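Subject: A structure for you to look at

Hello,

I am handing over a structure that you have not seen before, and I would like to walk you through what turned up in it. Please open it alongside this message and follow along.

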Amino acid sequence: MKIIRINKGKAVNLPIRFVSIILMVIVTIKLMYELPEPWSILVAIIVSSFVPAIWFASNVIIINEENKTLYDGVFAMGRKFGKPTKYDSIEKIFINKVKTKQTMYSLSNQQNIVSNHEYRAYLKLDNGDKYFLLSHPLEERVEEKVTKISKKLGIS
């Protein structure tokens with residue numbers, strides 16, 4: 001059974017992860033004052049069990065070549081969230097060059113626009129569906145990762 005797992009990055013961005021941890025700590029401390037000791041310990045255990053789920057949740061693509069299914073979703077705490085889709089064959093993996101712009105404002109209301117290029121890799125199925133794989137500002141890094149994925153999938 002050949003299963004290929006491609007990690008696309010964290011599902012929850014860093015500021016939201018930090019804010020959620022701080023809120024969980026505040027809720028736990030508040031409930032420790034409100035509830036009797038055994039209940040507050042139980043609530044603290046339940047609330048703290050959500051920390052790894054938020055912190056380590058990641059977006060993944062899992063390709064099962066034996067069953068011809070592709071799963072694009074979130075993987076957290078050993079569970080997959082999303083639906084697998086059937087496919088006939090993988091047509092290709094391609095890279096797009098995308099121009100990105102970021103506008104920054106200073107305190108004196110001056111505007112600074114920074115434009116860069118970003119390389120994004122996609123997986124295309126023969127039915128026309130496209131799935132985002134990865135992105136990076138350096139073309140060499142994207143090509144290196146795409147060749148590794150292509151070798152695993154047996155795509156030339």
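Let me start with L153, which sits in helix α4; helices (H or I, at least four residues) and strands (E, at least two) are DSSP runs, numbered from the N terminus. A word on the source: this is a predicted model, in which local features need pLDDT of at least 70 and side-chain atom pairs count only at pLDDT 80 or more, while totals for chains, interfaces and linings use all residues. Residues are numbered from 1 along each chain as its sequence is written, and side-chain values use heavy atoms, with hydrogens and water left out.

Leaving aside neighbours within four places in sequence, L153 is in contact (heavy atoms within 4.5 Å) with I4, I63, E65, I90, I93 and L123. The C-alpha atoms of L153 and D126 are separated by 14 Å, and these two residues are 27 apart along the chain.

L153 also belongs to the largest nonpolar core, which has 20 residues. Such a core is a set of buried Ala, Val, Leu, Ile, Met, Phe, Trp, Tyr and Cys residues joined through side-chain atoms within 4.5 Å. Along with L153, those with the most contacts inside it are I63, L70, I90, I93, L123 and L133. Two or more residues come from each of β1 (3–10), β2 (58–64), β6 (90–105), β7 (111–125), β8 (130–136) and α4 (139–153). In soluble globular proteins, nonpolar side chains tend to be buried together.

**The sheet**

Three strands form an open sheet in the order β6-β7-β8, with antiparallel pairing (two strands pair if DSSP finds at least two bridges between them). β6 and β8 are the edge strands, each pairing on one side only. From one strand to the next, the twist averages 30°. α4 packs on this sheet and touches β6, β7 and β8, and its direction makes about 155° with that of β6.

How many bridges join β6 to β7? There are 15 of them, and the two strands run antiparallel. K99 has H117 in β7 as its bridge partner, and Q102 stands opposite V114 in β7.

Most residues other than glycine have a negative phi. N109 has a positive phi of about 65° and lies in the turn of the β6–β7 hairpin, which has five residues between its strands. With a relative accessible area of 62%, N109 is exposed. K68, in the loop between β2 and β3 (69–76), has a positive phi near 55°. Its relative accessibility is 36%, so K68 counts as partly exposed.

**A pair of helices**

Finally, have a look at α1 (residues 14–34) and α2 (residues 37–48): their axes come within 9 Å and cross at roughly 170°. Axes are lines fitted to C-alpha atoms, for helices over the stretch in contact, and angles run from 0 to 180 degrees between N-to-C directions. α1 and α2 are therefore roughly antiparallel to each other (an angle over 145 degrees). By class, their contact has six nonpolar, two polar and no charged residues. Here Ala, Val, Leu, Ile, Met, Phe, Trp, Tyr, Cys and Pro count as nonpolar, Asp, Glu, Lys and Arg as charged, and the others, Gly among them, as polar. M24, T28, L31 and M32 in α1 meet S40, V43, A44 and V47 in α2.

Enjoy exploring!

Terms used
Buried < 20%, exposed > 50% of the residue type's maximum accessible area, 1.4 Å probe, protein only. Parallel < 35°, antiparallel > 145°, perpendicular 65-115°, else oblique.
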